[in-house]
Amino acid sequence: MNHSVVTEFIILGLSKKPELQGIIFLFSLIIYLVAFLGNMLIIIAIIYNNTLHTPMYICLLTLAVVDIICTTSIIPKMLGTMLTSENTISYAGCMSQLFFFTWSLGAEMVLFTIMAYDRYVAICFPLHYSTIMNHHMCAALLSMVMAIAVTNSWVHTALIMRLTFCGPNTIDHFFCEILPLLALSCSPVRINEVMVYVADISLAIGDFILTCISYGFIIAAILRIGTVEGKRKAFSTCSSRLIVVTLYYSPVIYTYIRPASSYTFERDKVVAALYTLVTPILNPMVYSFQNREMQAGIRKVFAFLKHS
């Protein structure tokens with residue numbers, strides 16, 4: 001049952017300073033276009049090239065879809081708000097934004113772990129890779145990603161919808177996120193905070209540890225059997241991926257490990273920007289555009305478009 005008496009929320013955005021709105025608008029627009037076009041290019045390249053229909057690239061395709069959903073659920077509304085000065089969002093729109101953002105957050109965390117495991121199997125057990133990471137295993141892992149992400153999103157969205165919002169209705173953030181909404185609730189939020197804490201421990205911290213363990217085994221294997229040049233390239237790849245993973249997990253863990261009462265809006269809006277705006281741009285650059293097979297696949301797409 002929906003106990004809310006608030007029919008819409010006011011979103012204050014990244015900054016309350018009018019002189020910064022133009023810069024923030026341009027910055028956000030560029031981020032969205034780069035993230036959307038970069039991830040869409042990855043999707044098209046993988047679908048168009050049969051040679052890229054392997055578990056690793058299917059995971060990259062899924063990651064690209066998740067990043068597009070994440071940015072599209074947040075940035076267009078934020079841009080529209082700054083363009084028209086209509087800074088309200090309906091209750092239903094806020095809950096929809098919360099659901100899709102929370103879904104993409106959960107999906108991305110689990111995907112990072114699966115992609116690290118895929119590389120662990122490929123490097124540590126190369127002769128058994130095709131047997132272990134076959135299409136059935138890939139389908140099972142991606143189904144698990146979807147199941148975890150949907151369950152996580154439904155739980156948090158449903159728990160928010162059972163709260164009473166009787167005013168104020170001003171969200172000091174640039175989108176509808178869990179903790180700013182909890183701060184506006186007129187009813188107890190203890191259950192919500194417990195579930196956020198459980199999700200942070202199991203999804204964020206748990207997946208981060210598993211991802212780091214996989215990369216640790218990869219680095220150990222490279223040190224044993226790799227050539228000097230191979231070690232250099234592998235370390236470069238592993239370090240760049242670990243940086244992206246750390247940039248994603250760290251602010252998520254920091255944000256959701258605390259109770260809503262300790263949420264500081266000005267600082268935490270900047271922290272939230274790391275995992276909502278920055279990571280969707282970095283993912284294509286680190287995971288896909290540095291890959292030779294992906295580069296070849298992208299060139300084929302451009303060649304097809306040129307001659308069509």
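**Entry 1: what I'm looking at**

I'm working from a predicted model, so I treat each value here as computed from that model.

**Entry 2: cysteine pairs**

I started with the sulfurs. How many disulfides does the structure hold? I found two. A reminder to myself: a disulfide is a covalent bond between the sulfur atoms of two cysteines.

I looked up Cys-94 and Cys-176 to begin with. They are joined with an S to S distance of 2.1 Å, which is within the 2.5 Å cut-off for a disulfide. This pair links distant parts of the chain, 82 residues apart. Cys-94 sits in helix α3, which runs over residues 91–124. Cys-176 is in the loop between β3 (170–171) and α6 (178–184).

Is this bond left-handed or right-handed? The torsion about the S-S bond is about -125 degrees, so I noted it as left-handed.

Next I went to Cys-166 and Cys-186, whose sulfur atoms are 1.9 Å apart in a disulfide. Where do these two cysteines lie? Cys-166 is in the loop between α5 (135–161) and β3, while Cys-186 is in the loop between α6 and α7 (190–225). The pair therefore ties together parts that are 20 residues apart in sequence.

I read -115 degrees about this S-S bond, and the link is left-handed.

For accessibility, I got 45% for Cys-166, which counts as partly exposed. Cys-186 comes out at 39% and is partly exposed too.

I also wrote down the pattern: counting bonded cysteines along the chain, the disulfides go 1-3, 2-4.

Cys-70 is at 3% relative accessibility, so I count it as buried. I looked up Cys-212 as well: at 29% it is partly exposed.

**Entry 3: a check on helix α1**

I took helix α1, residues 21–48, and tested its length. With 28 residues at 1.5 Å a residue, it should span 40 Å. Its end C-alpha atoms are 40 Å apart, so the two agree.

Which residues of α1 are buried? My list includes Ile-24, Ser-28, Ile-31, Tyr-32, Gly-38, Asn-39 and Leu-41.

**Entry 4: salt bridges**

Side chains of opposite charge can pair when their charged atoms come close. I counted two salt bridges here.

In one, Arg-119 pairs with Asp-118, with the closest N and O atoms 2.8 Å apart. Arg-119 is at 17% relative accessibility, so it counts as buried. Asp-118 is buried as well, at 1%.

Asp-172 pairs with Lys-269, and here the closest N and O atoms are 3.0 Å apart. This pair links distant parts of the chain, 97 residues apart. Asp-172 is in the loop between β3 and α6, and Lys-269 is in helix α9, residues 265–288. I have Asp-172 down as buried at 12%, and Lys-269 as buried at 0%.

Definitions and conventions:
Residues are numbered from 1 along each chain as its sequence is written. This is a predicted model: local features need pLDDT of at least 70, side-chain atom pairs count only at pLDDT 80 or more; totals for chains, interfaces and linings use all residues. Side-chain values use heavy atoms; hydrogens and water are left out. Helices (H or I, at least four residues) and strands (E, at least two) are DSSP runs, numbered from the N terminus. Buried means under 20% relative accessible area, exposed over 50%, partly exposed in between (1.4 Å probe, protein chains only). The expected span of a helix is 1.5 Å times one less than its number of residues. A salt bridge is a side-chain nitrogen of Lys or Arg within 4 Å of a carboxyl oxygen of Asp or Glu.
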